[in-house]
Amino acid sequence: MRDKTFSVLKALAIILVVVSHSGAPAWLNRFIFQFHVPAFFLCAGYFFGVKYLDDGRQFVRRRFSGLYVPFVKWSLMLLVLHNLFFAVGLLNEQYGNASGGVLHPYGWHDFFQNIWSITTGMQGYDVFIGGAFWFFRALLVASLVFWLGMKFFRWLRPTDTLVQSASLLAATMGLLIVWKIAAGLKIPVLSGGGYRELLGVMLMSFGFIYRQCRNYVPLNWKTGLAATALTVLGAIYVHASMAYNADFGAFFGLLIPAVSGFIMLHYVSSLISAHMQPVEKALAYVGERTLYIFAWHLLAFKLVSIIKVAAYGLPWPMVGGHTVVNYATDDLFWLLYTIVGVGVPLGGLALYRHYAKTVDFSTKSCVKYTIKGLIKLGYYIYIGIKKTLIYLWQCLVGFWRALKDIVKASSPNEE
């Protein structure tokens with residue numbers, strides 16, 4: 001039977017991602033922010049196939065189809081719905097995120113510019129409803145750079161082992177990040193300046209090295225306890241995450257907790273897989289669908305925001321707060337946000353796949369039916385405008401005739 005340990009690991013990581021956006025207590029966020037997203041980059045490096053160093057076409061194709069295509073598809077979907085979200089109150093110009101930032105409805109220029117930004121630079125997405133979409137771009141870019149870097153160092157030093165090549169790549173990324181932070185540099189084609197992408201390559205290198213050295217790292221209670229202790233110490237003494245505007249403290253403070261948190265999750269996942277079969281099955285289901293939770297949990301949060309606004313008697317526009325309703329943040333609504341943030345995307349995916357058996361939801365079919373729908377909508381609009389103009393013309397003709405009759409009736413010649 002297939003080992004589902006890493007599916008369980010990814011499930012735990014994505015649940016923690018949702019928790020981190022749910023308005024959970026600050027101490028809990030400090031702990032999980034160190035490793036919840038880094039775990040996915042470490043996993044990507046752990047499972048990087050060495051065969052792709054000789055056959056990169058398949059790797060590039062899989063990365064683009066698995067990350068770029070859903071990013072573009074879902075970002076354009078949110079772009080089309082952006083102004084509708086304002087109309088119904090899921091977004092507004094009064095209540096934004098905790099720091100006061102808000103969004104605005106798009107005009108035509110903004111709409112078309114975002115289409116270009118989404119398709120050419122993986123930018124321009126809705127940062128409130130699709131706030132986690134940066135992960136798609138960062139993982140895609142990091143994966144491609146990691147693949148190119150490994151090929152380069154293997155070509156440069158053909159006698160090196162794969163571990164040595166990955167170590168050189170990690171060191172190179174570390175030097176570039178230090179240079180970037182020290183000089184305040186930015187990679188202009190990447191939103192946020194490229195820090196997350198460079199760090200992602202470094203974390204992928206660590207994950208690859210961990211896989212190659214698994215025989216030397218026993219996964220037992222001692223390792224799990226040590227990894228947990230390092231992660232807790234990082235949460236206490238260093239406030240680090242994958243925020244794009246990191247300084248030296250955030251960068252160096254993240255490296256150890258990111259790896260130790262990953263090993264901690266690996267150990268916990270191995271225990272669940274070995275001793276808790278029903279839990280393993282449920283978590284593996286979640287872990288194999290993490291991309292959908294990444295994409296849609298913030299939109300699912302709006303359901304809980306509606307409940308919270310009603311429960312506290314708050315004004316409806318507060319539903320548009322990001323990521324949650326920023327009121328009474330010490331309550332336990334974060335638990336409900338977490339449950340809904342994980343459950344609703346999975347439920348929506350299950351419904352989609354159920355109906356996809358009888359309805360063709362392929363991109364080609366959706367484009368075809370969208371064009372047909374737009375043509376039909378245009379036809380009905382044309383008919384409506386035509387009938388309206390005919391009615392107005394008849395009214396104008398009737399008014400003119402009535403006016404002529406009035407003038408004629410009041411003419412002195414008649415008297």
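Student: What radius of gyration does the protein chain have, and what would a compact globule of 415 residues have?

Tutor: The protein chain has 28 Å, whereas a compact globule of 415 residues would have a radius of gyration near 22 Å. The radius is taken over C-alpha atoms, and the globule rule is 2.2 Å times the number of residues to the power 0.38. Along its principal axes the C-alpha trace spans about 115 × 50 × 50 Å. This is a predicted model, in which local features need pLDDT of at least 70 and side-chain atom pairs count only at pLDDT 80 or more, while totals for chains, interfaces and linings use all residues. Residues are numbered from 1 along each chain as its sequence is written, and side-chain values use heavy atoms, with hydrogens and water left out.

Student: Why are α8 and α10 called oblique to each other?

Tutor: Helix α8 (residues 195–212) and helix α10 (residues 248–275) pack at an angle of about 45 degrees, with their axes 11 Å apart. Angles under 35 degrees count as roughly parallel, over 145 as roughly antiparallel, 65 to 115 as roughly perpendicular and the rest as oblique. The two helices are therefore oblique.

Student: Which residues of α8 make the contact with α10?

Tutor: Y195, L199, M202, L203, F206 and Y210 of α8 do so, meeting residues of α10 including F251, L254 and H266; contact means heavy atoms within 4.5 Å.

Student: How many residues in the protein chain are buried, as a percentage?

Tutor: Buried residues (under 20% relative accessible area, with a 1.4 Å probe and protein chains only) make up 44% of the 415 residues.

Technical notes: Axes fitted to C-alpha atoms, helices over the stretch in contact; angles between N-to-C directions. Helix = DSSP H or I, 4+ residues; strand = E, 2+ residues; numbered from the N terminus. Buried < 20%, exposed > 50% of the residue type's maximum accessible area, 1.4 Å probe, protein only.
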